[in-house]
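The following paragraphs lead a new reader through a structure, from its folds to the place where its chains meet. The sequence and the structure are shown first.

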Amino acid sequence: MVLTGVTSKAIRKGDAEPPLSKGSFRVYNMRFCPWAERAMLYVAAKGIEAEVVNLNVTDKLEWYWTKHYQGKAPAVEHNGKVVIESGFIPEYLDDAFPETRILPTDPYEKVQQKLLADRLTAVAHAVPLLFAVMRDRTLKDEKQRKVFEVLKQAENLLANDFYAGSQPGYPDYLSFPFFEKIWWSASLDGVVDLPTIEFPGEEEYPKLTKWFQKMISSDVVQSVTQSLEHGAAFMNAYATHQELNYDLGL
Amino acid sequence: MVLPGNCSTSAALCMQFLTQLASVAIDQAYQPPQQPAYNPHEKLFVSYRSVPPPGSSPSSAAVPIRFSSYSSVGSNIRGLNSPTLHPGSIEPPLTPGNYRLYSMRFCPYAQRVLIYLAKKNIPVEVVNVNPDRSPNWYLPKSPIGRVPALEINGKVVWESNVIVEYLDELFPTNTILPRDAYEKAHQKILVERLSPIMNALFEFYGSSNNPQAQRQNDMNVHSALRNSENLLRDTFYGGRQPGYADYLMWPFLERLQLLTMSPNSQFRYFPGLHYPKIGAYIARMQNQPEVLGFCKHDFFLKKTGEKIW
């Protein structure tokens, strides 16, 4: 595995900044954050040897503000330079490490994948709807109808085995974390009527179900993701404004 | 001129900037408008053939005399003020090998692309469409009929930030985004960090007129301006020359100036004495040839004021 520290304890306020040697690569991560997972997936997919530092983003570190102006994850640091925003980090990584480029070099093909990823952000916007249901179960029917619409759109956008073609690529890695969050939600009682086995459901979403199984079982995803049990528990605590355990399961 | 690094600029210097800003606005306001090239009596289908070829001045440009050496900037763009196409219209034919930008005249996102096209001097035909009720032939080109969209040889690209980056890749000799991976990412991050300007603009236009909402809007604008002032560390956000972040944020900053026209805002001057760097920056941006050609300021002062205030 090229990523170290994936299961390290989250550092918090008062902890000193770990030294980063010249030439080394670091990812600042929050284990259950879908936006940070985008960066983690891309780093893993590119095979970049990186040290992962998990953050407690509630009890924020003082020194981290100089790296991210909002104190959030993700951020990638390399030779004294920090890049933030999960939407910008993947392309930065492809530009900085072109030998393992994931996005196509052809301008039009590249744009098509970026636009596809943009259209799939509808999945990201569907996740907070399920947070609302975790807070108030009476909203379930109303909210899950919208989630089903989003999944149907995602199914229609899937023209091949993967959104990027015959192999996973930019739109797959950037959208997978949010499908995963819906999957985590499905394991909680009374939140959304979707199966956790063969998610999101062979009958309604045949292509998407195959896609999700391939993605969740891939080495790239397995090297960075969290278990269904812990992910669901963390999400529920987050949605219902309970105290968050960033080291859940460690 | 490089501004001092601190925030202790003297009031006299502020007034100098504001005077310069005011003189620029006055200068533009007194430019006589040119007659549009479009003849309303010509049939729609034929009108595109009568559009002047590349090399002539854009029909809407009112370029100040002192910038006559830049009169060619924007000459690569045809049809800027072509009539808007609505449902029932016929799709204009697009010759293979030619670029077309689907736009809406007052759309800030489309203006981003227009400024980029003018700066890069890429020949393009503009077709204005109604994004609220799109022509049927337009919907297959752009999801839910959004503008801007760029078309060539049957291929269509949308999303303003994606389009401009696409243009830099297609025409790399005069790229605007930095080539260095980190500097390039930094320009994009800057746009993200400047986005409170956009949010403040949308919230202002979208909110009710009650006093509490008005105070909140003014506070949002002040917060956005403080943020923008802090992030401006050179002549432009792009460095010594305007760059990606400048072009992508300018349409929103330009529109935000209209606050001074509103009885619902405490802003009487924009941006005001508290933001000297931004005041000077606005004056500089307004003087950029690629920006001047698409300045909406005076038009908005007139039209938006009539309709909204």
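Which strands of chain A does helix 1 lie across, and at about what angle does it run to strand 2 of chain A? In this predicted model, helix 1 of chain A, residues 34-46, lies across strand 1, strand 2 and strand 3 of that chain. The angle between helix 1 and strand 2 of chain A is about 155°.

In chain A, five strands make up an open sheet with mixed pairing, and their order is 1-3-2-4-5. Strand 1 and strand 5 of chain A stand at the edges with a single partner strand each, so one side of each is left without a neighbour in the sheet. Within this sheet, strand 2 and strand 4 of chain A run antiparallel and are joined by four bridges. One residue pair in this pairing is Tyr28(A) and its bridge partner Ala75(A), which belongs to strand 4 of chain A.

Strand 4 of chain A also pairs with strand 5 of chain A, in the antiparallel sense and over four bridges. Here Val76(A) stands opposite Val83(A), a residue of strand 5 of chain A. The two strands form a hairpin with two residues between them. In the turn, Asn79(A) has a positive phi of about 50°. As a general point, the side chains in a regular strand alternate between the two faces of the sheet.

Attention now passes to the loops of chain A. The loop between strand 3 and strand 4 of chain A contains Pro74(A), and the peptide bond leading from Ala73(A) to Pro74(A) is cis, with omega near -5°. A cis peptide bond also joins Phe199(A) and Pro200(A), where omega is about -5°. Pro200(A) is found in the loop between helix 6 (170-186) and helix 7 (206-216) of chain A.

The loop between strand 3 and strand 4 of chain A also holds Lys67(A). The side chain of Lys67(A) meets that of Glu17(A) in a salt bridge, with an N to O distance of 2.8 Å. This pair links distant parts of the chain, 50 residues apart, since Glu17(A) lies in the loop between strand 1 (3-4) and strand 2 (25-29) of chain A. In general, side chains of opposite charge can pair when their charged atoms come close. Over all chains, the structure holds 24 salt bridges.

Chain B has an open sheet of five strands with mixed pairing, in the order 1-3-2-4-5. Its edge strands are strand 1 (77-78) and strand 5 (155-158) of chain B, each of which pairs on one side only. Strand 4 of chain B, residues 149-152, pairs with strand 5 of chain B in the antiparallel sense over four bridges. In that pairing, Glu151(B) has Val156(B) of strand 5 as its bridge partner. Helix 4 of chain B, residues 160-170, lies across strand 4 and strand 5 of chain B, and runs at about 125° to strand 5. Elsewhere in chain B, Asn121(B) has a positive phi of about 60° although it is not a glycine. Asn121(B) lies in the loop between helix 3 (108-120) and strand 3 (124-128) of chain B.

How much area do chain A and chain B bury between them? The two chains bury about 1900 Å², and 69% of this is on carbon and sulfur atoms. On the side of chain A, Phe88(A), Tyr108(A) and Leu115(A) lose the most area to chain B, together 29% of what that side buries. The contact takes 20 residues from chain A and 20 residues from chain B.

Charged side chains also meet across this contact, where four salt bridges are counted between chain A and chain B. One salt bridge is formed by Lys110(A) and Glu169(B), whose closest N and O atoms are 2.6 Å apart. Strand 5 (81-84), helix 2 (89-96) and helix 3 (107-119) of chain A each supply at least two residues of the side that touches chain B. Helix 3 of chain A gives the most, with nine residues. By class, this side of chain A has 11 nonpolar, one polar and eight charged residues.

Key:
Residues numbered from 1 in each chain as written. Chains lettered and ligands numbered in written order. Predicted model: local features only at pLDDT ≥ 70, side-chain atom pairs only at ≥ 80, totals over all residues. Heavy atoms only, no water. Contact = heavy atoms within 4.5 Å. Buried area = accessible area lost by both parts, 1.4 Å probe. Nonpolar A, V, L, I, M, F, W, Y, C, P; charged D, E, K, R; others polar. Pairing = 2+ DSSP bridges. Axes fitted to C-alpha atoms, helices over the stretch in contact; angles between N-to-C directions.
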